[in-house]
Amino acid sequence: MSKTGGIVEVLYSFDLGGSEILGARLAMALRRRGIPITCISVHHYDGPVRRQLEAEGIECVGFGFNHRGRIERLRWHLELRRWFLGRRPEIVHCQHALTLIKCLRFARAAGARTIIMTEHT
């Protein structure tokens, strides 16, 4: 992890879903305006959206919840918490309530001033 502060865009995955595409477009628009932004996926490690974001110079981190067994999911929580505490974002934007539920306590513990959720139906 190289930076602190900025915005963290929380995606469900890096696959080609509607919320992932919307989150990626938002991240790229913010990046073009010089705003520091990182995209994370709570459920997958990789996918086409990640490759597109990284090609635009946006740091991406995948936490791979869906790729872990029960014991590994306990470690997942510790890794996500450690990442947020190290990053200390100013703003966290979650796509979907499920990502908010998984990240909210860690974002708060890390001192995020603003935590936003966009729900998609």
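Which residues in helix 3 meet which residues in helix 4? In this predicted model, Trp-76, His-77, Leu-80, Arg-81, Phe-84 and Leu-85 of helix 3 are in contact with Lys-102, Cys-103, Arg-105, Phe-106, Ala-107 and Ala-109 of helix 4. Helix 3 covers residues 70–87 and helix 4 covers residues 97–109, and the two pack at an angle of about 35° with their axes 8 Å apart, helix 3 passing helix 4 in a right-handed crossing.

In soluble globular proteins, nonpolar side chains tend to be buried together. The largest nonpolar core here has 19 residues, of which Val-10, Ile-40, Leu-80, Phe-84 and Val-92 touch the most other members. At least two residues of this core come from each of the elements strand 1 (7–11), helix 3, strand 4 (91–95) and helix 4. A second core, separate and made of 13 residues, includes Ile-7, Leu-11, Ala-27 and Met-28.

Leaving aside residues up to four places away in sequence, Phe-84 touches Val-8, Ile-40, Pro-89, Val-92, Cys-103, Phe-106, Ala-107 and Ala-110.

Arg-87 also lies in helix 3, and because its relative accessibility is 1%, Arg-87 counts as buried.

| Pair | Kind of distance | Value |
|---|---|---|
| Arg-87 and Glu-59 | polar contact between side chains | 3.1 Å |
| Arg-87 and Ala-110 | separation of C-alpha atoms | 7.6 Å |

Along the chain, Arg-87 and Ala-110 are 23 residues apart.

Definitions and conventions
Residues are numbered from 1 along each chain as its sequence is written. This is a predicted model: local features need pLDDT of at least 70, side-chain atom pairs count only at pLDDT 80 or more; totals for chains, interfaces and linings use all residues. Side-chain values use heavy atoms; hydrogens and water are left out. Axes are lines fitted to C-alpha atoms, for helices over the stretch in contact, and angles run from 0 to 180 degrees between N-to-C directions. Helices (H or I, at least four residues) and strands (E, at least two) are DSSP runs, numbered from the N terminus. A crossing is left-handed if the near helix is turned anticlockwise from the far one by less than a right angle, and right-handed if clockwise. Contact means heavy atoms within 4.5 Å. A nonpolar core is a set of buried Ala, Val, Leu, Ile, Met, Phe, Trp, Tyr and Cys residues joined through side-chain atoms within 4.5 Å. Buried means under 20% relative accessible area, exposed over 50%, partly exposed in between (1.4 Å probe, protein chains only). A polar contact is a pair of N or O atoms within 3.5 Å; within protein, one must be able to donate a hydrogen and the other to accept it, and residues adjacent in sequence count only if both atoms are side-chain atoms.
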